Number of protein chains: 2
Amino acid sequence: MTLRAPIPYLGAVRICSKETVLNTEINGNMLIGASSTPGSSGPFRAINPATGLALDPVFGGGAVADVERACMLAEQAFDIYREASLEQRAEFLEQIAQNILDLGPALIERAMLESGLPQARLEGERGRTVGQLRLFAKVVRDGRWLNATLDSALPERSPPRPDLRLRKIGLGPVAVFGASNFPLAFSVAGGDTASALAAGCPVVLKAHGAHPGTSELVGKAVQAAVASCGLPEGVFSMLNGDGRTIGQALVAHPAIKAVGFTGSRQGGVALMKTAAQRPEPIPVYAEMSSINPMFMLPDAMAQRASNIASGFVDSLTLGSGQFCTNPGLVFAVDGDALNKFCDTAAVALRAKAGSTMLTPGIHSAFNSGVERLSKAEHVSLLARGQAGANACSGQAALFVTDAATFLSNPALEEEIFGASSLIVKCKDVDQFKQIAEHLEGQLTATMFLTENDRDAAQALLPVLERKAGRILINGYPTGVEVSHAMVHGGPFPATSDSRSTSVGATAIDRFLRPVSYQDLPAYLLPAALQNNNPLGLWRVRDSELVQS
Amino acid sequence: MTLRAPIPYLGAVRICSKETVLNTEINGNMLIGASSTPGSSGPFRAINPATGLALDPVFGGGAVADVERACMLAEQAFDIYREASLEQRAEFLEQIAQNILDLGPALIERAMLESGLPQARLEGERGRTVGQLRLFAKVVRDGRWLNATLDSALPERSPPRPDLRLRKIGLGPVAVFGASNFPLAFSVAGGDTASALAAGCPVVLKAHGAHPGTSELVGKAVQAAVASCGLPEGVFSMLNGDGRTIGQALVAHPAIKAVGFTGSRQGGVALMKTAAQRPEPIPVYAEMSSINPMFMLPDAMAQRASNIASGFVDSLTLGSGQFCTNPGLVFAVDGDALNKFCDTAAVALRAKAGSTMLTPGIHSAFNSGVERLSKAEHVSLLARGQAGANACSGQAALFVTDAATFLSNPALEEEIFGASSLIVKCKDVDQFKQIAEHLEGQLTATMFLTENDRDAAQALLPVLERKAGRILINGYPTGVEVSHAMVHGGPFPATSDSRSTSVGATAIDRFLRPVSYQDLPAYLLPAALQNNNPLGLWRVRDSELVQS
C-alpha cells in the first residue's frame with residue numbers, strides 16, 4: 001500500500017476539539033482571520049424594523065486594507081485547507097453547526113430584534129442552517145464531488161496512452177455576501193458559506209448590514225471552529241461595510257476566485273460586471289430575481305379553485321412574502337373557475353395580518369412596487385391584506401390583469417419583493433405556452449393540474465424546463481428543501497449562472513474545478529486518486545463507475 | 001411499469017438509416033438547416049499556405065439574416081432534439097463519425113491543401129475526430145451526465161418533504177467556432193460540436209476561414225446525419241463569415257445559450273465581453289492562451305539533461321509548434337546540467353526542418369513574436385531551426401533568459417503561437433515556486449523529476465494545481481488524450497472558465513444545467529427519473545449512488 005507522503009504543511013491540521021466556549025457578547029467588530037478587528041469606516045447600528053429604533057452596539061465598517069488582509073489570509077490558507085482530509089473538513093462543518101447551536105437563545109433573540117422575524121421562524125431557520133452544514137459534512141465524506149476518474153496507461157498502444165487521473169479541487173477563496181431575508185440560512189454560515197467551505201475554499205464574508213449582531217455571533221461560531229479544528233485562520237473572515245465599496249473591493253481582489261450572492265437584481269448585476277472586468281474574470285453565483293409563475297390548468301381549477309386559492313394566499317403571505325420563491329404571478333383561463341379562485345383569494349388575503357418586513361428599505365421598496373402596479377394600465381387591485389401593527393409592516397396585495405396587458409408591459413414581470421402577486425386572465429390554455437415563452441428565467445415554475453390536464457401539461461412542460469430551475473406540480477414554491485435533488489437556480493435573471501444551484505448538495509459543484517494528473521508517481525498522487533482507493537470513493541475507472 | 005407517455009412532437013425522431021450517400025463536391029455554400037445556402041457577403045477563397053495560391057471554389061460569407069435563420073431553426077429544434085432518446089442521440093453521433101469516414105480521401109486531400117498539414121497527421125486527426133464522436137456516443141448512452149437524483153417524499157415529516165427529482169438538460173443552442181489548428185478535431189465536427197450535440201444542444205457553427213472546403217465537407221457529413229436520423233434540421237447549421245461580424249452576431253443572438261471557442265486570447269476575450277453584455281448573459285468556453293511551463297527539477301537534470309532536451313525539442317517543433325499545449329517555457333536551475341540541456345536542445349533544434357504553418361497570418365504573427373523576443377532585453381537567442389521550403393514555413397526558435405528578467409517583464413509570458421520557447425535560468429528550486437506563483441493560468445504544467453526531487457516536487461505541486469488544468473510528470477504536454485480523466489482547461493487566460501474541459505468525456509458538462517422536478521405525476525416524469533429506472537442509469541437515490 002503506497003500512501004501519499006504527508007505534505008509537511010499539513011502537519012498543523014488536527015481533529016477538532018469539542019471544548020469550545022462561545023462568547024455571546026456582541027462588540028461591533030469584524031472578524032479577520034483569528035482576530036476581532038474594529039472597523040474604521042462609517043459607524044452604524046442595526047435597526048429594529050418593528051420599532052424603527054437603533055440597537056446597540058455600534059459597528060464599524062471595513063476599509064480596503066481590511067479587505068486586503070482578509071483576502072491575503074484566505075489566499076495563504078487555501079493550499080493547506082484544501083488538502084485537509086475529508087474527515088477533517090467534515091468535522092469542521094459539524095463543529096460550526098454545533099457552535100451555532102451552542103449560541104443558544106442569544107442568537108435567536110438578536111436575530112428577532114434585527115430582522116423582525118418571529119421566534120419560531122428563526123428557530124426553524126437555525127435548524128435549516130445546522131442541517132445544511134451537516135448535509136455538506138456528509139457530502140464531503142461521500143467524496144462524489146471529487147469526480148475521481150482514472151484512465152489506465154496503455155503503454156502498448158501507438159501512441160502510448162499515459163496514466164491519467166482527474167479530481168476536482170476548490171477554485172480558491174470565495175467572497176460570500178450575506179442575504180437579508182435569511183439572516184441565518186443564507187447569511188454568515190448559510191448555504192454559500194457551507195458549500196464553499198465543503199469544496200475546500202476559504203470564505204471572506206461580507207456581512208449584511210441589516211443584521212450585523214446576528215452576523216457577528218455566527219461569525220464567531222465559525223471562527224471558533226476554525227481555531228478548534230486547527231485550521232489556518234484565513235479559512236474564514238467576516239467584514240462589515242457598504243456593498244458598493246467593501247463588496248466591490250472584495251470581488252475585485254485578485255485572491256478571490258468566485259462569488260456567492262443572494263440579493264437584488266441590481267446588486268447581482270453590479271457584481272457580475274465587476275467580476276467580468278477583472279484582469280482574471282471569475283464566476284459569480286448571484287441569486288437575484290424571480291417571480292415564480294404558477295399555471296392553473298383548467299380541470300384543476302374546475303375541481304378545486306377555492307382550495308388552490310387558499311394555499312396560494314398562504315404561500316404568498318408567508319414571511320411577509322420575503323422569499324425568492326414567492327409566487328408573484330398566477331395564470332389561469334378566464335371564466336367561472338377563475339372568478340371563484342379570485343373570490344376565495346381575495347377573502348383569504350383580506351384576513352391576513354400585516355407582518356413586519358426585514359428592513360425599512362425593503363418595506364419602502366415593496367410599497368413602491370405595489371403603488372407602481374396599482375397605477376399600471378389595465379391592472380386592477382383585487383384585494384389587500386391587513387395593514388399591520390407597525391410602520392414597517394407589509395400589507396399584502398393582489399392584482400388582476402389580462403394576458404394581452406401582461407404580454408405588452410414588461411414592467412409587470414418585475415419582481416416586487418414582498419407579498420404582492422398578479423393574476424393574469426388568459427384566453428385559453430394554448431396561451432399559457434406563449435406566456436411561458438415570454439417569461440424571463442425563474443427559480444421555479446408551477447402547474448396545478450389533474451390527469452385531465454395532461455395534454456396541456458405535456459405541451460407546457462418543455463417550455464418551463466427552459467425557463468426555471470425547479471418545476472412543481474400541485475404545490476407552492478415557497479418551501480425549498482435542502483436535499484440532493486433540489487435546484488435553487490435557473491436561467492438569468494433568476495441567477496447569474498443557470499448551471500448551478502445555491503441550495504442542496506450539488507451547490508458544492510459551484511466552487512470546484514477539475515485537475516488532470518498525467519503519469520504522477522504514487523508519492524505525488526492525492527489520496528483520492530491512489531490505486532488502492534484509500535478513501536473508498538466511487539470512481540470512474542476506465543470509463544466505468546466503480547467503488548474501487 | 002409506468003413509462004412516460006410519448007410526447008407527440010417526438011414521433012418524428014427515428015433511428016438513423018445507414019444508407020446515406022455523401023457528396024464530396026465543394027460548392028462554396030453555407031449549410032443552414034437542411035439547405036445549402038450561398039453566402040451574400042465578402043466572397044473569399046481558401047489559400048494554400050504552402051504555395052500562397054487561392055483554391056477553388058469561391059465561398060460566400062453570411063449576413064445577419066443567415067445568423068437569424070440558423071438560430072431560429074436551432075431554437076425550434078431544441079425541445080425535440082433534447083428529448084430524443086439516449087440511443088437515438090448516440091446513433092446520431094456515430095452516424096456523423098461514419099459519414100466523415102465515408103468522405104474518404106477527398107476530405108484528407110482538401111484539408112492538406114487548406115492547412116499545409118501532412119497526410120499522416122490529418123489521417124490521425126480524422127481518427128481522433130471520429131473517436132471523439134464515438135466516445136461521446138458512449139458517454140450519452142451511459143447517461144451519468146444526467147446526474148439523475150431522486151429524493152423520496154417524506155409525507156410524515158413536519159413539514160412534509162415533497163418528492164424531488166433532478167436531471168440535467170442541455171442549455172440550448174450552442175455557437176461553436178471552428179479552430180484553425182485542428183481543421184478536423186477542433187472544427188466543424190470537433191470536440192465542442194460533439195460535446196454540445198451529446199448534451200442535447202443544437203449547434204450553429206461558425207466555420208474557420210482558413211479551411212472552408214474542409215468545413216463544407218464535414219458540415220455536409222453532419223447535415224446528412226441529421227437528415228438520416230430524422231432529427232429536426234435545426235440541430236446543425238454552418239455559417240461562413242468574419243468573426244467580428246457573423247461571429248459576434250451569433251454570440252449576441254438571443255437563441256444562443258452558450259459558446260465554444262478555441263483561438264486567440266484577443267478573439268476569446270471579445271466573445272466573453274459580448275456574451276457578458278447580452279440582456280441575458282451566457283457562458284463562454286474559450287480556450288485561448290497557454291505557454292505550458294516545464295519545471296526541470298535538479299536530479300532529473302543531473303541524470304538525463306540531454307535526453308529531456310531531445311524530447312523537449314521534438315514536442316516544441318511537432319506540427320510546427322501549432323498546439324495549444326506547445327511547451328513555451330522551460331525553468332531549470334543554472335549550472336552544468338542546464339548547460340548540457342541547452343547544448344543538446346540547440347543541436348536538436350538546428351536539425352529541425354521548417355514546416356508549413358497553417359496560414360500566412362499565423363506565420364506572420366509567429367515571426368513577429370520571435371522578433372519581439374529577439375529584441376527583448378537580457379534575452380538571447382540560443383538556436384533557430386531550419387528555414388523551411390516555402391514562404392509560410394515556420395522556423396523554430398529557442399531563447400534563454402534569467403529568472404529576474406522573466407519576473408520583471410510580463411511580455412515574456414505572452415504566448416507565441418508556433419515553435420518558439422524560452423529557457424529561464426533560475427537560482428535554485430525555491431525560485432520555481434515564486435515563478436509558478438507569478439504565472440498566469442495554463443492548460444498544462446510539467447515537472448521533470450526523479451524520486452530525489454520529491455521534496456521540491458511536493459512543494460511545487462500545490463502551486464501548479466492552482467495554475468493549470470493538467471499536470472504532467474516526466475512527459476511532454478503536446479499529446480492530449482481524449483479520455484475520461486483528461487482536462488484540457490485551466491484558469492484564465494488558458495480558458496475563460498476553469499470549471500470545464502474542452503477535451504474528454506466531461507466536456508459534455510459545459511452545456512448542461514440541472515432541473516429539479518417536485519411531485520411530478522409519473523406521466524410527466526422524464527424516463528431518466530422514473531421509479532423503475534427504465535434507462536438503467538446510475539442514480540443518486542436518497543443520497544446513495546445506486547444503479548436502480
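Predicted model: local features only at pLDDT ≥ 70, side-chain atom pairs only at ≥ 80, totals over all residues.
Which residues of α3(A) are buried? Residues are numbered from 1 along each chain as its sequence is written, while chains are lettered from A and ligands numbered from 1 in the order in which they are written.

The buried residues of α3(A) are Leu107(A), Ile108(A), Arg110(A), Ala111(A), Met112(A), Leu113(A), Glu114(A) and Ser115(A). Here a residue is buried if 20 or more other C-beta atoms, placed from the backbone, lie within 10 Å of its own, exposed if 12 or fewer, and partly exposed in between. Helices (H or I, at least four residues) and strands (E, at least two) are DSSP runs, numbered from the N terminus. Since 8 of the 11 residues of α3 (105-115) of chain A are buried, the helix is largely enclosed by the rest of the structure. Its buried residues pack against β4 (47-48), α4 (119-142) and α6 (212-228) of chain A, with contact meaning that the C-beta atoms of two residues, placed from the backbone, lie within 7 Å. Just after α3(A) comes Gly116(A), with a positive phi of about 70°.

Further along chain A, helix α10 (residues 336-350) has 15 residues and reaches 21 Å from its first C-alpha to its last, close to the expected 21 Å (1.5 Å times one less than its number of residues). Buried in α10(A) are Ala337(A), Leu338(A), Phe341(A), Cys342(A), Ala345(A), Ala348(A) and Leu349(A). Down the helix axis these fall within an arc of 135°, so they line one face of α10(A); the arc is that of the directions from the axis to the C-beta atoms. The elements they pack against include α9 (298-317) and β15 (329-333) of chain A.

Both of these partners deserve a look. In α9 of chain A sits Ile308(A), which is buried, with 24 other C-beta atoms within 10 Å. Leaving aside neighbours within four places in sequence, Ile308(A) is in contact with Met296(A), Ala300(A), Phe341(A) and Phe448(A). As for β15(A), 5 of its 5 residues are buried, so the strand is largely enclosed by the rest of the structure. Leu329(A), Phe331(A) and Val333(A) point one way from β15(A), and Val330(A) and Ala332(A) the other way. Strand β14 (residues 293-296) of chain A pairs with β15(A) in the parallel sense over 4 bridges, two strands being paired if DSSP finds at least two bridges between them. In this pair, Met294(A) stands opposite Val330(A).

The two chains also meet. In all, 62 residues of chain A are in contact with 62 residues of chain B. The side of chain A that touches chain B has 32 nonpolar, 16 polar and 14 charged residues; Ala, Val, Leu, Ile, Met, Phe, Trp, Tyr, Cys and Pro count as nonpolar, Asp, Glu, Lys and Arg as charged, and the others, Gly among them, as polar. Strand β22(A) runs parallel to β23 (residues 512-518) of chain B, joined by 3 bridges, and Ile471(A) stands opposite Tyr517(B).

An open sheet of 12 strands with mixed pairing includes β23(A) and β22(B). At its edges stand β25 (544-546) of chain A and β17 (380-384) of chain B, each with a single partner strand, so one side of each is left without a neighbour in the sheet.
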